Amino acid sequence: DWDDLRDLTRAAASVAVLEDLLARPEFHTSPRIDIVEEMRPEAQRAAAAVRKAAAALLAQHQERSSTSSSSGSVVQLGATLQVYYHLRELPQAAWSAVQHALDKAQIVSQALWSPTAIQQL
């Protein structure tokens, strides 16, 4: 549970550093370093947890933004985008959010311009 969004952004920054370190070629050649291999599963679990939390926050923001907007939701969106920035996944997250907004707009447009809606005008 991420009560303080600053904790999530710090965790994302830490995960990014860990992923960079663990991806280095010298950690993938023989001889393997035992401590690095012991750390790898925990680092992967932490990365998955951060990504899952960020995805949940983005989905939550998208659901809220369709009904209302507040300064709290803007802060939440900013923190969520910061997490994706740290993870180097900001472009994908942004395009996902754009696609979600386009899908919602298409649904509303279809309802607005349906033959039934036009007849009621």
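R88 counts as exposed, at 54% relative accessibility (exposed means over 50% relative accessible area, buried under 20% and partly exposed in between, with a 1.4 Å probe and protein chains only). You are looking at a predicted model, in which local features need pLDDT of at least 70, side-chain atom pairs count only at pLDDT 80 or more, and totals for chains, interfaces and linings use all residues. Residues are numbered from 1 along each chain as its sequence is written, and side-chain values use heavy atoms, leaving out hydrogens and water.

**Stop 1: the backbone at R88.** Keep R88 selected: you will find R88 in the loop between α3 and α4 (90–112). Helices here are DSSP runs of H or I with at least four residues, numbered from the N terminus. What is the phi of R88? The phi of R88 is positive, about 60°, although R88 is not a glycine. For background, most residues other than glycine have a negative phi.

**Stop 2: helix α1.** Now select residues 5–22, which make up α1. This helix has 18 residues, and from its first C-alpha to its last α1 reaches 26 Å, close to the 26 Å expected at 1.5 Å a residue (the expected span is 1.5 Å times one less than the number of residues). Next, colour the buried residues of α1: L8, T9, A11, A12, V15, A16 and L22. Look down the axis of α1: these buried residues fall within an arc of 160°, so they line one face of the helix (the arc is that of the directions from the helix axis to the C-beta atoms).

**Stop 3: the core.** Show the side chains of L8, A12, V15, V50, V83, Y84 and L87, the residues with the most contacts inside the largest nonpolar core, which has 14 residues. A nonpolar core is a set of buried Ala, Val, Leu, Ile, Met, Phe, Trp, Tyr and Cys residues joined through side-chain atoms within 4.5 Å. Which helices each supply at least two residues of this core? They are α1 (5–22), α2 (34–65) and α3 (71–86). The largest share, six residues, comes from α2.

**Stop 4: charged pairs.** The whole structure holds nine salt bridges, each with a side-chain nitrogen of Lys or Arg within 4 Å of a carboxyl oxygen of Asp or Glu. Select D4 and R6, whose side chains meet in one of them at 2.7 Å, N to O. D4 is partly exposed at 26% relative accessibility, and R6 is exposed at 51%.

Move on to D7 and R10, whose side chains meet in a salt bridge at 3.1 Å, N to O. D7 and R10 are three residues apart in α1, which means about one helical turn between them. Then try E42 and R45 in α2, also three residues apart; their closest N and O atoms are 2.8 Å apart. Finally, select E19, R51 and E89 together to see a network of salt bridges.

**Stop 5: a nonpolar patch outside.** Display the surface of L112, W113, I118 and L121, a nonpolar patch with about 510 Å² of accessible area together. In such a patch, nonpolar side chains (Val, Leu, Ile, Met, Phe, Trp, Tyr) of residues with over 30% relative accessible area and no salt bridge are joined within 5 Å. I118 sits in helix α5 (residues 115–120) and is partly exposed, at 42% relative accessible area.

Notes: Patches are made of residues with over 30% relative accessible area and no salt bridge: like charges are joined within 9 Å, nonpolar side chains (Val, Leu, Ile, Met, Phe, Trp, Tyr) within 5 Å. Accessible areas come from the Shrake-Rupley method with a 1.4 Å probe; for residues, only the protein chains shown count as cover.
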